Amino acid sequence: HLDEALRELPKEDQEVLIQYYFLNRTQTEIATSWNMSQQALKKRLDKAVELLRTQLKGKGVVLSSAVLA
């Protein structure tokens, strides 16, 4: 379910989630490489997590906030 839900997200949301959660890059590293402030990156990451949570919920998978925090 996770792969499918992730693929359904906009490309930038996919990329920020992959870099942060799967490649273990810091928010500072991602923000720097994307040429944006850490605050803007945090907002994008938060939005991407919420979109992913919504996608998964639509597939019948409910996650606690601790799983994607």
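Modeller: The buried residues of α4 are L41, L45, A48, V49, L52, R53 and L56. Buried means under 20% relative accessible area, exposed over 50%, and partly exposed in between (1.4 Å probe, protein chains only). Helices (H or I, at least four residues) and strands (E, at least two) are DSSP runs, numbered from the N terminus.

Colleague: Which helices do they pack against?

Modeller: The buried residues of α4 pack against α1 (2-7), α2 (11-22) and α3 (27-33).

Colleague: And which exposed residues are on the face turned away?

Modeller: That face of α4 carries the exposed residues Q39, K43, T54, K57 and G58.

Colleague: What is the basis of all this?

Modeller: This is a predicted model, in which local features need pLDDT of at least 70 and side-chain atom pairs count only at pLDDT 80 or more, while totals for chains, interfaces and linings use all residues. Residues are numbered from 1 along each chain as its sequence is written, and side-chain values use heavy atoms, with hydrogens and water left out.

Colleague: How many helices and strands does the protein have?

Modeller: There are four helices and zero strands, in the order α-α-α-α along the sequence. Of the 69 residues in the protein, 28% are buried.

Colleague: Is F22 buried, exposed or partly exposed?

Modeller: F22, in helix α2, counts as partly exposed because its relative accessibility is 49%.

Technical notes
Contact = heavy atoms within 4.5 Å.
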